[in-house]
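Hello,

I am handing over a structure that you have not seen before. Please have a look at it first, and then read on for what turned up.

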Amino acid sequence: MKSGKHPEYNETTIICACGAVYKTRSTRENLKIGICAACHPFFTGEQKFIDTAGRVEKFARRYGSVKASRAQTPRAAHSALLGKKR
């Protein structure tokens, strides 16, 4: 390898928000991540649902009672425009 072209590859520590610590090698030092295999729901089998702002309840209040209207087929819409019945 030519010198001066490649970045330094040093031992580093990865720290997760859950507190898990991993030692690895990287070109960056002391990485901080938000989620890892120790706390990710796919690997733990637990579903963590965090809704601090109440967004789900707000959505349910706003759109919970609204039912979707059935869209007309293109032919029925065209016939309705022309005033013809099938």
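Predicted model: local features only at pLDDT ≥ 70, side-chain atom pairs only at ≥ 80, totals over all residues.

Residues are numbered from 1 along each chain as its sequence is written, and side-chain values use heavy atoms, with hydrogens and water left out.

**The sheet**

Three strands form an open sheet in the order S2-S1-S3, with mixed pairing. Strand S2 (21-26) and strand S3 (31-33) are the edge strands, each pairing on one side only. On average, neighbouring strands of this sheet are turned by 30° against each other, direction ignored. (Axes are lines fitted to C-alpha atoms, for helices over the stretch in contact, and angles run from 0 to 180 degrees between N-to-C directions.) Helices (H or I, at least four residues) and strands (E, at least two) are DSSP runs, numbered from the N terminus, and two strands pair if DSSP finds at least two bridges between them.

S1 and S2 run antiparallel and are joined by six bridges. Their hairpin has four residues between the strands, and Gly19 takes a positive phi near 110° there. Strand S1 (residues 10-16) runs parallel to S3, with three bridges between them; Ile14 stands opposite Leu31 in S3.

**The cysteines**

The whole structure was searched for disulfides (a pair of cysteine sulfur atoms within 2.5 Å), and zero were found. For Cys36, the closest cysteine sulfur is in Cys16, 3.4 Å away and too far for a bond. Cys39 is in no disulfide either, as its nearest cysteine sulfur, that of Cys16, is 3.7 Å away. Cys36 is buried at 8% relative accessibility, and Cys39 is buried at 12%. Here buried means under 20% relative accessible area, exposed over 50%, and partly exposed in between (1.4 Å probe, protein chains only).

**The aromatic pair**

There is one aromatic pair. The ring centres of Phe59 and Tyr63 are 5.1 Å apart and their planes are at 45°, so the pair is tilted. (Rings of Phe, Tyr and Trp, the last by its six-membered ring, pair if their centres lie within 6.5 Å; planes under 30 degrees apart count as stacked, over 60 as edge-to-face and the rest as tilted.) Both residues lie in helix H2 (residues 55-63), four residues apart, about one turn of the helix. Phe59 is exposed, with a relative accessible area of 56%, whereas Tyr63 is partly exposed at 42%.

Best wishes
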